[in-house]
Amino acid sequence: MQHLAPDYLYTPQGFQANQVISISDDGYINAIREREPETSITEELPGIALLPGFVNAHSHAFQRALRGRTHHARSARDTFWTWRQAMYDEAQRLTPDSIYQVALQTYREMLAAGYTSVGEFHYVHHQPNGVPYEEANSMAEAVIQAGRDAGIRVVLLLTAYARGDFQQPPSPMQRRFCDASLDAYLTRAEALRTSGAALGIAPHSVRAVPETWLHQLAAYSSLHHLPFHIHADEQMAEIEQCQQAHNCTPIELLARNGALDANTTIIHATHANQTEIALLAEHQAHVCVCPTTEGDLGDGIAPYPELIAAHIPLCIGSDSNTRIDPLEELRWAEYSARMRYQSRRILVADEQASPGPLLLSYGTRAGANALGLATGIIAPGMAADFVAIDLHSSSLQGWTPDDLLDTLFFGASSDVFTQTWVLGKRV
């Protein structure tokens, strides 16, 4: 049993001083008690406040290799679609060894930034010509191993891909993403699930899988109580194409096929309309926003006030990993909302609140719920996943317990994080 004694501890009741947190040998929080003279202490943490570890609900680890390399002109007007071609070029170069190396580097960077769990939306499955490796899950297992070696918790969101676009076969650059059949995909998913891997089901998008796949993938996810993640409403072109192909929007198509429930997380929802937002609320689905990537790709700004008014839980993802910093991700959620709606304090729990507590919840507890994890808050029975704030950092100068979260989110970067624990282990 470990007993940690920071200066401050953030629990669902807020920042508390003079607390000792006890961690069982299995890496879960056993108890939180007031510090007394006779209290057993394993480690004193002076000048430290402990937060719950951040949860990165949406990552493509291999895209970290593109950082800084996609800003030269590729066309007269660069968009998400021209960036996608650069991403495809990078994906073609990957091998099991190289995807392990880039994932290992990326996950170490995440840990240093305060992320303790990551949902890896993994879709580079096969050889570049589309032929499966001799071991069909070689690429997925390389990513899982990178997470183990780095020390981060990985939920592998195994991506289903069948076609290049609505009614279009895959392009040569997409072949290695695609399974030959739904049965082939489910066979790989079942092998990972029964091996003990933390797994989620993730049709890439309504563009990438036919309607019949959506229904059966949702059923498999529901049967095994697995997270179900999918990109939707990231681009207006995607919505227009879906309306032409199915006479409805992407989120409406998901609802039609039983693919919206409390296990569902919609990635982006940048251009979701009021009808779609009402469907998300009705089915208790999550939305994962990725502000640094959405800004980098010129996607747009999510309809934050409408999502909040509908009580839809939001979480965050580093997505393309152009930046890896949960404070920056959450800050830009609030700042971009302010710019779109020309108002301040958009992401708040109520009219009198400041953004800090809700932003922390989005970055921790909501992401954990979206991935089906028992983490995201510091409370007995939860995983001992923590990040340590250096309270003496110059960027936090002047903080008080009442405004520390706002000082953190609006005045600091993840450089103020000095230590990270996953399941009670300092990583």
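# Cores and rings in a predicted model

Modeller: Welcome! The largest nonpolar core here has 119 residues, and Leu51, Phe54, Tyr107 and Ile266 have the most contacts inside it. Helix 2 (residues 96-113) gives the most to this core, with nine residues. This is a predicted model, where local features need pLDDT of at least 70 and side-chain atom pairs count only at pLDDT 80 or more, while totals for chains, interfaces and linings use all residues. Residues are numbered from 1 along each chain as its sequence is written, and side-chain values use heavy atoms, leaving out hydrogens and water.

Biologist: What makes a set of residues a nonpolar core?

Modeller: Its members are buried Ala, Val, Leu, Ile, Met, Phe, Trp, Tyr and Cys residues joined through side-chain atoms within 4.5 Å.

Biologist: Why is Gln19 called buried?

Modeller: Buried means under 20% relative accessible area (exposed is over 50%, partly exposed in between; 1.4 Å probe, protein chains only). Gln19 has 8% relative accessibility, so Gln19 counts as buried.

Biologist: Why is the pair of Tyr123 and Tyr161 called tilted?

Modeller: Rings of Phe, Tyr and Trp (its six-membered ring) pair if their centres lie within 6.5 Å; planes under 30 degrees apart are stacked, over 60 edge-to-face, and the rest tilted. For Tyr123 and Tyr161 the centres are 6.3 Å apart and the planes at 50°, so this pair is tilted.

Biologist: And what makes the pair of Tyr123 and Phe177 edge-to-face?

Modeller: Their planes are at 80°, with 4.9 Å centre to centre; over 60 degrees counts as edge-to-face. Tyr123, Tyr161 and Phe177 belong to one aromatic cluster, together with Phe62 and Tyr88.

Technical notes. Helix = DSSP H or I, 4+ residues; strand = E, 2+ residues; numbered from the N terminus.
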